[in-house]
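Hello,

Here is the structure I promised to pass on to you.

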Amino acid sequence: MINTATVANIQPATRDATLSVTREQGLELWRQMVLIRRFEERAEQAYTEGKIGGFMHLYIGEEAIAVGALAGLNPDDDVVTHYRDHGYALARDLAPNALMAELYGKATGVCKGKGGSMHFADPRKHFWGGYAIVGGHIPLAVGLAFAAQYQNQPRVAVAIFGDGATNIGMFHESLNMAKVWNVPLIILVENNQYGMGTAVQRASAVPDMITKALAYNIPAIQVDGNDVLAMREVMLNAAQNARRGEGPQFIEAHTYRWRGHSMGDPQRYRSKDEVEKMKTRDPIARFENRLLEYARATQDDFARGRAEVERVAAEAIEFAETSPFPDPAELYTDVFAPEVTNG
Amino acid sequence: MAEQSYRDAIKDALREEMRRDERVFILGEEVGVWGGTYAVTRGLYDEFGAKRVRDTPIAESVIVGAAIGAAMGGLRPVAELMTINFSLVAMDQIVNNASKMFYMFGGQFSCPVVIRTPAGWGQLAATHSQSFEAWYASLPGLIVAMPATPRDAKGLLKRALRSNNPVMFIEHARLYNVVGEVPDGDYTIPFGVSEIKRAGRDVTIVSYSRMLHVALAAANKLAQENIEATVIDLRTLRPLDLAPVIESVKQTHRALIVEEDWVTCGMGAEIAARIGKDAFDYLDAPVERLGAIEVPMPYSKPLEALALPEEKHIIARVKEMLT
């Protein structure tokens, strides 16, 4: 059964009156979103100064999805994401210093400077990486979900990608086999309205991504991706269902990317008016209002929080700048994992 | 030491490793109820059940991709691809995920997945008669094994299932019924160790997989004419062990590489370049290559036969090299 009831349609007043989190939890979610934004603004600046190279895809404007989604998961649930991965890595509590150093290509980077912006990973946190071939990581999440099922572990795996990836074959192969095998997989689609510069209606035969889940008999829900609590709620439900053995679950989160697809995108495919209009739905500002109104948060809380985030972001830059580049010998390491010696 | 077919040797490797290690499971098209398109997995479904011998949809990308993900999650998957031709559908998974994972993420985790697939031919025409081992062997980060004998097939597969790295394990459809001696008990064969199958003073023939048998037959015929060939089986193409080849060429001064792939950009091109560099001063003749004629494989039996190197071609080429 497809479930098209949207959390966004539930009256905010009835939800916000109680919130669905405590004041402390709410402020923590807010802090994570602000950290992602400031981390990326600092990275953006460093990129324009030539200190970061390659492709870098900013998440600014979409923060509520990563923060809300990961808040709805256990810390050992497996996360496999696309190349727009800074937000997810920070929401999974990977160290900002090591992430910024990775952007700088430094030896202290989370992947020793070998992966860069698109390939953050830390298996100790079940954060299995950003992947840069569109749709190519979705089968990996199917396999991780299967590994949990096979080993009778209560973990779920989540595959995260954009609306553009729903048009590629690996998406369809993965949904089909995940359903046939009934694995605990959550498919999270960030519908930010554009696959690079191509609007959804110009690339997808159906406007709603959840329709594609219906083809595979996978329960699906649409949610306002700029509402961090709604995101958390749908992820909690999806994870509970998957953990109960109900198989794959599908979430389509609507959002909007404020920056270009990647650095250096001239954005000829959309108007400035459109971007400005969508910015009025800022997930951070909206959540601040709710925290002020329903959680006894104060402007002082936000000022303190912003100062703390500013310090963390500045320290990350400082750490990245002062860290050494990898030793030339590192070029040759890690091609193969050490082989077993008792085989 | 018992006689066993190449097929049964592979099956025994799978069975023994599945008994030894709960993490090992098989996935692929028709591997379970059917028993495998080439009957390699026949009987394993009955012994290990649907949990560990898993039939999949016809969807090579997710077969290989899910196997990689399962390996990341702590399992030891064996993904069977019905033929190597279908591996092209899974190319992104093999190239961009399996072979990159350890390096790209800074050595934090690898994906010990084994991808089993047969090369081969048999009036199957252009899209079903290919041999892509050189493509895969070109990838840093991927081990490529291509055994010729039942003993090596079993030993290398068991080694692959205990490896920490992704392994492309390329079988050959025309070898499944070939019988050979297989050691008793548990054994493995290391990656990157070529084997001298036959020693001779006049020419060094380098080969692997099915062509090794053709090369050995040719060498036996040549011996009747007092031409003695060294024949070397590479066994794995990455890592590639050419030390015995170089040593041999220094004695014989002549080298011929025999493969079933097209020679352009094939394994022979790589091997010839390395012989040219490491044994240049010892060569009395240009390094020669024999492989498939550079056409898409035709269906018609006599045409197909013309497209592949045979014993007589090896004999003729060696004689040319000696004149």
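Chain B is assigned two domains, with domain 1 covering 2-182 and domain 2 covering 195-322; such bounds come from an automatic or database domain assignment. Taken over C-alpha atoms, the centres of domain 1 of chain B and domain 2 of chain B are separated by 26 Å. Their contact takes 22 residues from domain 1 of chain B and 21 residues from domain 2 of chain B, where two residues are in contact if their C-beta atoms, placed from the backbone, lie within 7 Å. On the side of domain 1 of chain B that touches domain 2 of chain B, helix 6 (133-137), strand 6 (143-145) and helix 7 (150-161) of chain B each supply at least two residues. Helices (H or I, at least four residues) and strands (E, at least two) are DSSP runs, numbered from the N terminus. By class, that side of domain 1 of chain B has 15 nonpolar, four polar and three charged residues. Here Ala, Val, Leu, Ile, Met, Phe, Trp, Tyr, Cys and Pro count as nonpolar, Asp, Glu, Lys and Arg as charged, and the others, Gly among them, as polar.

Before you go further, a note on what you are looking at. This is a predicted model, in which local features need pLDDT of at least 70 and side-chain atom pairs count only at pLDDT 80 or more, while totals for chains, interfaces and linings use all residues. Residues are numbered from 1 along each chain as its sequence is written, and chains are lettered from A and ligands numbered from 1 in the order in which they are written.

How confident is the predictor? pLDDT is its confidence in each residue, from 0 to 100. Chain B averages a pLDDT of 97, and 100% of its residues score at least 70. Chain A averages 93, with 94% of the residues scoring at least 70. Please take care with residues 1-17 of chain A, over which pLDDT stays under 50; the model has 27 contacts beyond four places in sequence for this stretch. For the complex, the predictor gives an ipTM of 0.97 and a pTM of 0.96.

Now to where the chains meet. In the model, 37 residues of chain B are in contact with 40 residues of chain A. Helix 3 (60-72), helix 4 (91-98) and helix 5 (101-104) of chain B each supply at least two residues of the side of chain B that touches chain A. Which helix gives the largest share of that side? Helix 3 of chain B does, with nine residues. The side of chain B that touches chain A divides into 16 nonpolar, 18 polar and three charged residues.

Helix 3 of chain B also packs against helix 6 (residues 138-150) of chain A, at an angle of about 50° and with the axes 6 Å apart. Axes are lines fitted to C-alpha atoms, for helices over the stretch in contact, and angles run from 0 to 180 degrees between N-to-C directions. The angle makes helix 6 of chain A oblique to helix 3 of chain B (under 35 degrees counts as roughly parallel, over 145 as roughly antiparallel, 65 to 115 as roughly perpendicular and the rest as oblique). Among the residues that meet are A:Leu140 and A:Phe146 in helix 6 of chain A, and B:Val62 and B:Ile68 in helix 3 of chain B. This contact has 13 nonpolar, four polar and no charged residues.

Within chain B, helix 8 (residues 210-224) and helix 12 (residues 311-322) pack at an angle of about 55°, with their axes 8 Å apart. That makes helix 8 of chain B oblique to helix 12 of chain B. The residues in contact include B:Val214 and B:Lys221 of helix 8 of chain B, and B:Glu311 and B:Ile314 of helix 12 of chain B. By class, there are eight nonpolar, no polar and two charged residues in this contact.

Lastly, two backbone details. B:Arg238 and B:Pro239 are joined by a cis peptide bond, with omega about -5°; B:Pro239 sits in the loop between strand 12 (236-238) and helix 9 of chain B. B:Ala39 has a phi near 65°, a positive value in a residue other than glycine, and is found in the loop between strand 2 (24-28) and helix 2 (44-52) of chain B.

Best wishes

Definitions and conventions. pLDDT = per-residue confidence, 0-100.
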